[in-house]
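Subject: Handover of a structure for your review

Dear colleague,

I am handing over the structure below for your review. My findings follow it, arranged by topic.

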Amino acid sequence: MFYRESGDFKTSYIQDQQIFPILQDRVFVIAVIAFAFLVVPFLINDYWEKSVLLPVLIWSLAAIGLNILTGYCGQVSLGTGGFMAVGAYASYKFTTAFPELNMFIIVLLSGGVTAMVGVLFGLPSLRIKGFYLAVATLASQFFLIWLFNKVPWFYNYSASGQINAPERFVAGIAVTGPNAPPWATYLFCLILVVVLALIAKNLTRGRFGRSWMAIRDMDIAAEIIGVAPLKAKLSAFSISSFYIGIAGALFFLVYLGAVEPTEAFGIDKSFLVLFMIIIGGLGSILGSFIGAAFMFLMPVLIKNILVNGLGWSTDIVAHLIFMIVGGLIMFFLIVEPHGLAQLWRVTKEKLRLWPFPH
Amino acid sequence: MTPDFLHTIEVILNGLMAGVMYSLVALGFVLIFKASGIFNYAQGVMALFAALTLVGFQTGQVPFSHLINELFGTQIHHWGPGMNNLIAILLTIVVMIVFAWLVEKLVLQHMVNQEPIILFMATIGLAFFMEGLGDLMWGADIKTLDVGIPSGGSFWWEDVTRTWVSEGYDYYGMYIDLLDVYATGIAVLLVTILTLFSQFTKTGRALRAVADDHQAALTVGISLRTIWVIVWSIAGIVALVAGIMWGSKSGVQFSLSLIALKALPVLILGGFTSIPGAIIGGLIIGVGEKLFEFWIGPLVGGATENWFAYVLALFFLMFRPQGLFGERIIERV
Amino acid sequence: MQDIVKEDDILLEVRNISLSFGGVKALEDVSFDIRKGEVRAIIGPNGAGKSSMLNVINGFYHPQEGQIWFNGQLRNRMKPHQVAKLGIARTFQNIALFKGMSTLDNLMTGRYIKMHSNLFAQMIWKGPAQREEIEHRQKVEEIIDFLKIQSIRKTPVGKLPYGMQKRVELGRALAAESKLLLLDEPMAGMNLEEKEDMCRFVLDVNEQFGTTIALIEHDMGVVMDISNRVVVLDYGKKLADGSPDEVRNNAAVIDAYLGVSHD
């Protein structure tokens, strides 16, 4: 009854093009962001930081990245884990080579390096489509992980073959390393995620986003309209990889602190992010957040209930989670290929009319 | 002949036989792809599932025993001493057919007319589901599988090849695993049976008709759903064969499902719709990765088998996107 | 209408085009021209090579032989997106809309070649990107008004009925403000009323915007009514070329359409 757009008239194209055209949505989103910036940092503790907030933020960023490529541009990639690894190793090389460099710049540079690698592995997309391409992206996954395992330069010749995040500061406060306070790491990630999500939204609603969607929906028609496939696909690959690279850098620097490539960035991570965008919603920035939160928190929740609550053994629960995840993927693809974001939209449509559905 | 030369031959032979194993998995992909246009990522997990089920029957495990014990505090594990190999295999085939029917009923039927890439992602979901299910039914511990196929090195072959070396060299002969030899034989047999089946039976003709044109097949009275169940059953049986071979070789465990990933580049090389392509693609990948590891591997730190097949497929795609045996694609608007 | 079109004012000319796929000859030594401001129809039985001809014109197929002259210049081998930048837009026989997008977004995508703001402007949005977006939105709204599709502005095109989709597709091609508009069976599968609407739109586009139009159509009534000149293809060869009346009375054309008795 209160959630409606009647009376909320748009009198200019600017108003019509807002990200959240409905007043209530705008208020709600601003409130959430304000809460995240102004309230959460005072409440946060170690558990919330490491088990909920950081991973959800970082996975959201990776999901946005893959969504740009897969959801908007229609190019399925199974190389997300490999690209995250590129971001992580680039950030490691930058932090160790330039200890004085600002952390935000380091993270963005790592994204840039990943974008270049992404373009390289995106080149086959000009010749091949669909699952042929999906299989080809596996090459990047396996090759990159192998590279980081085998070339000592990447891990600075450390004996263990691992990389460890050195302690680094933003404005005198540690954001990486074991002594970083939870609120600092959280804010560091939050700033990046909010800004990058906004940029992603801007890109996808404008000229670039439309060229990607045109390629996704009907590549031949897109080309005949004047969209150069080379430019559209490679820009999608590079921007997608930029986001995924930053997610990888944060995953390593801020969240894990120490990384062994096969363990941290294996093919399972590629699938995880793909599932996030399927369940959250292909072609939706909001859906990337919802999907990431859902796919990360759902297993945690189930584990908490079954293992801690009912005392089941962890491996049985792990198998159950596999089944639930697989089942959910099939369910969503059958019932709602646009994922939770679409369900949310439909609910909103209904809410607008409530309590008079006709 | 110098030992180096003989080593190279040995690598090639082993590569060929590894290739046969890849082809076995790739074959299941091709069957389903031809009949339904679905790229079934779950093929590898089907092999794992089939092998797990076979071992379960052989050793007389109670399905879901872990779950039952957890729920009811019981201590059941086995219902008896197990059963004879042949009966176990037949029962596993029945399970795979039931599985095919369920997949058609619960998933495929609801996904008609979806885009191929959506179907592909759905089979990734299916793979996860089956992986969880297999482990939940039979337990996640590594199991040994023995259906009586001889294994281990062939001494006869070692003795024969030892005589090939030139005077003055030390050489111990070539190592060839008997299991690989039998696997090759079985693969050849399987392909022959499949070819005969598709050429000379009514169902086979229907299968080819569906592969050619779904709609046209429907109009002449072929039931698409029956065909899909049949195809998935056959793919299930192929998966069982692959599962037996790989399981006998390296134990039945989670990593078995990863052979699916190895079969993907095989398909890219051979084309998704060609059975000979799957076999030759498998052989090329098998030999290629073994030779690469043998020659280049030591220079770059080894373990190149992890990625060689994919990178080869990638380069191949750049130049011949339709695969070795696929037809040239003419795009129409 | 006829007298506006000057004889020597040629927009596009194809000379001796031959195109084959493997052994199949789709087009054989076809030549014709399209004058500025005219409505040019390409007709012929199924499989005559009409769509192939359009595909050649907008660079989707590359003929083995022959030349294409556009605006008085010999055109090199070009990719479709380069051809689009020259000012050639088209619609498709089987609707090729971007199904995941709304009508508005489809039309906005149609203006892709007219928009130039760079990646960084797009990222920031406020400023140049937004200004450009609004400027083009106004153009697109004009087309929406012209085609009377205001009410489906924000509907995903996949949900629209067939006739509406055809109209949106025309809108998308119009959005490019091209010099030459290729229409591949714009009225196929429509009922009489929809056909009349579509004819009106085609003629209005031609008259109001001065766009040159080449269309493929099977409905002879439509062809005779709205086109200035007609070229007839059969089995990949040119059979006749001229005004609707000339073509209607051409013996070879009558044979091709009605069949000849050879006894």
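Chain C is divided into domain 1 (1–87 + 178–263) and domain 2 (97–177), with bounds that come from an automatic or database domain assignment. The centres of domain 1 and domain 2 of chain C, taken over C-alpha atoms, are separated by 27 Å. Between them, eleven residues of domain 1 of chain C are in contact with ten residues of domain 2 of chain C; two residues are in contact if their C-beta atoms, placed from the backbone, lie within 7 Å. On the domain 1 side of chain C, helix 2 (80–86) and helix 7 each supply at least two of the residues that touch domain 2. Helices (H or I, at least four residues) and strands (E, at least two) are DSSP runs, numbered from the N terminus. Helix 7 of chain C gives the largest share of that side, four residues. The residues of this side of domain 1 of chain C divide into seven nonpolar, two polar and two charged. In this division Ala, Val, Leu, Ile, Met, Phe, Trp, Tyr, Cys and Pro count as nonpolar, Asp, Glu, Lys and Arg as charged, and the others, Gly among them, as polar.

Please note that this is a predicted model, in which local features need pLDDT of at least 70, side-chain atom pairs count only at pLDDT 80 or more, and totals for chains, interfaces and linings use all residues. Residues are numbered from 1 along each chain as its sequence is written, while chains are lettered from A and ligands numbered from 1 in the order in which they are written.

The sheet of chain C

Chain C holds an open sheet of six strands in the order 6-7-8-3-9-10, with mixed pairing; two strands pair if DSSP finds at least two bridges between them. Strand 6 (88–90) and strand 10 (237–242) of chain C stand at the edges with a single partner strand each, so one side of each has no neighbour in the sheet. On average, neighbouring strands of this sheet are turned by 20° against each other, direction ignored.

Strand 9 (residues 229–234) of chain C runs parallel to strand 3 (residues 39–43) of chain C, and four bridges join the two. Arg40(C) stands opposite Arg229(C) in strand 9, and the bridge partner of Ile43(C) in strand 9 is Val232(C). Strand 9 and strand 10 of chain C run antiparallel and are joined by five bridges. Here Leu233(C) has Lys238(C) in strand 10 as its bridge partner. The hairpin of strand 9 and strand 10 of chain C has two residues between the strands, and Tyr235(C) takes a positive phi near 50° in it.

How far is strand 9 of chain C enclosed by the rest of the structure? Five of its six residues are buried, so strand 9 of chain C is largely enclosed. A residue is buried if 20 or more other C-beta atoms lie within 10 Å of its own, exposed if 12 or fewer, and partly exposed in between, with C-beta atoms placed from the backbone.

Helices across the sheet

Helix 7 (residues 192–209) of chain C lies across strand 3, strand 7 (180–184) and strand 8 (212–216) of chain C, and runs at about 155° to strand 8. Axes are lines fitted to C-alpha atoms, for helices over the stretch in contact, and angles run from 0 to 180 degrees between N-to-C directions. Helix 10 (residues 251–258) of chain C lies across strand 9 and strand 10 of chain C, at about 125° to strand 10.

Lys195(C) has its place in helix 7 of chain C and is partly exposed, with 19 other C-beta atoms within 10 Å. Leaving aside its neighbours within four places in sequence, Lys195(C) is in contact with Met187(C), Met190(C), Asp219(C) and Val222(C).

Chain B and its side towards chain A

Chain B has 14 helices and zero strands. Buried residues make up 44% of its 333 residues. In chain B, 43 residues are in contact with 35 residues of chain A. The largest share of this side of chain B, 17 residues, comes from helix 5 of chain B. The residues of the side of chain B that touches chain A divide into 33 nonpolar, six polar and four charged.

Yours sincerely
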